[in-house]
Amino acid sequence: MPSTEMREPTFLVLAALADGRKHGYAVITEVTSLSSGRVTLRPGTLYAALDRLCEEGLVRPAGEEVVEGRLRRYYELTDAGAEALATEAARLQSNAAQAITRLRLRPTGGAA
């Protein structure tokens, strides 16, 4: 994984897979839930992201099944994906903590 920051949709896809394997629609639903509706992935966008994440070694296919006549593909986080997610979560947490600290130091009643 590159040392640059992760885009929010990628972070959310990895977070959606952190607690176990999921099929595409479940990932879409979980991303929407995790982001409180701010991020909504379309199937084409999701599968392009999953293909890229598989190439990067962060996600891997985890089986297929036919449900009601439709193929359902499952994906899961790899150890490298879990490490990348943890690293990004720590970076975001550190940045948020710095912002909160500085906001507490902000003078009140500043000029408009």
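Tutor: Phe11, Leu14 and Ala15 of helix H1 meet Gly81, Leu85, Glu88, Ala89 and Leu92 of helix H4, where contact means heavy atoms within 4.5 Å. By class, this contact of H1 with H4 has six nonpolar, one polar and one charged residues. Ala, Val, Leu, Ile, Met, Phe, Trp, Tyr, Cys and Pro count as nonpolar, Asp, Glu, Lys and Arg as charged, and the others, Gly among them, as polar.

Tutor: The model is predicted, with local features needing pLDDT of at least 70 and side-chain atom pairs pLDDT 80 or more, while totals for chains, interfaces and linings use all residues. Residues are numbered from 1 along each chain as its sequence is written, and side-chain values use heavy atoms, leaving out hydrogens and water.

Student: At what angle do the axes of H1 and H4 cross?

Tutor: Two packed helices are described by the angle between their axes and the distance between the axes. The axes of H1 (residues 8-17) and H4 (residues 79-105) cross at roughly 120° and come within 10 Å. Axes are lines fitted to C-alpha atoms, for helices over the stretch in contact, with angles from 0 to 180 degrees between N-to-C directions. H1 and H4 are therefore oblique to each other; under 35 degrees counts as roughly parallel, over 145 as roughly antiparallel, 65 to 115 as roughly perpendicular and the rest as oblique.

Student: What is the order of the strands in the sheet?

Tutor: Helices (H or I, at least four residues) and strands (E, at least two) are DSSP runs, numbered from the N terminus. Strands pair if DSSP finds at least two bridges between them. The open sheet of three strands has the order E1-E3-E2, with antiparallel pairing.
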